[in-house]
Amino acid sequence: MIDNKINLLIVDDEEQFLSSIKKSLEVREFNVTAVNRGEKAIQVAREKPIDIALVDLKMPGIDGEETLKELKKEHKWMEIVILTGHGSVNSAVECTKSGAYKYLQKPCELDELLEALKDAYQKRVMNKNDIEDKKMNELLKISISNSPREILRRLQEIDRGE
Ligand SMILES: [Mg+2]
């Protein structure tokens, strides 16, 4: 089934928050996958297409910052919004360095969250377009002299952000 919803992954260890935010976003333009551990978020992102992620910072196991780094490493064009109840200037700086799109603090108004998620999605669409443009340019450059296998290898590198 094709729909125009945004594939959103939410990871937060507070189950009550997780289920209420999932409900609020699912009635809007989001397809929500909600998990309560960083490990699960990384796994889910390998198994299905995720556009953007909303990530809690303090969780048992892999924390939000590690989850952010791992997601960005494996999915270059994914954009990630941090939502934490334990914010600090230091961690905001660290998360931004690690590639977080935005850093929000709980409690957060739904409107503010929606705006951040939609902006992150716009960025993700641009990332994907950039990659497609880069691929097309590269393809034109290398298609004259290289084997199909070599071309495929190069396109896969571009997908990984290399
Ligand atoms: Mg937490």
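Visitor: What counts as a helix or a strand here?

Guide: Helices (H or I, at least four residues) and strands (E, at least two) are DSSP runs, numbered from the N terminus. The chain has six helices and five strands. In sequence order they follow the pattern β-α-β-α-β-α-β-α-β-α-α.

Visitor: What kind of model is this, and how are residues numbered?

Guide: This is a predicted model: local features need pLDDT of at least 70, side-chain atom pairs count only at pLDDT 80 or more, and totals for chains, interfaces and linings use all residues. Residues are numbered from 1 along each chain as its sequence is written.

Visitor: How many Å does the C-alpha trace span?

Guide: Along its principal axes, about 55 × 35 × 25 Å.

Visitor: How do I read the span of helix H5?

Guide: The expected span is 1.5 Å times one less than the number of residues. H5 covers residues 110-142, which is 33 residues. From first C-alpha to last it reaches 47 Å, close to the 48 Å expected.

Visitor: Which residues of H5 are buried?

Guide: Count C-beta atoms, placed from the backbone, within 10 Å of a residue's own: 20 or more others means buried, 12 or fewer exposed, and in between partly exposed. In H5 the buried residues are Ala116, Leu117, Ala120 and Arg124. Here is a general idea to keep beside that list. An α-helix has 3.6 residues a turn, so residues three or four places apart point the same way.

Visitor: What do the buried residues of H5 pack against?

Guide: Contact means that two C-beta atoms, placed from the backbone, lie within 7 Å. The buried residues of H5 pack against strands S1 (6-11), S3 (52-55), S4 (79-84) and S5 (102-105).

Visitor: Is aspartate 130 buried or exposed?

Guide: Aspartate 130 is also in H5. It counts as exposed, because it has 12 C-beta neighbours inside 10 Å. Its C-alpha is 9.5 Å from that of tryptophan 77, 53 residues away along the chain.

Visitor: At what angle do H2 and H3 pack?

Guide: Axes are lines fitted to C-alpha atoms, for helices over the stretch in contact, and angles run from 0 to 180 degrees between N-to-C directions. H2 (residues 38-47) and H3 (residues 64-74) pack at about 15°, with axes 9 Å apart. Under 35 degrees counts as roughly parallel, over 145 as roughly antiparallel, 65 to 115 as roughly perpendicular and the rest as oblique. H2 and H3 are therefore roughly parallel. Among the contacting residues are Ala41 and Ile42 of H2 and Leu71 of H3.

Visitor: Where is the cis peptide bond?

Guide: It joins lysine 106 and proline 107, with omega about -5°. Proline 107 lies in the loop between S5 and H5.
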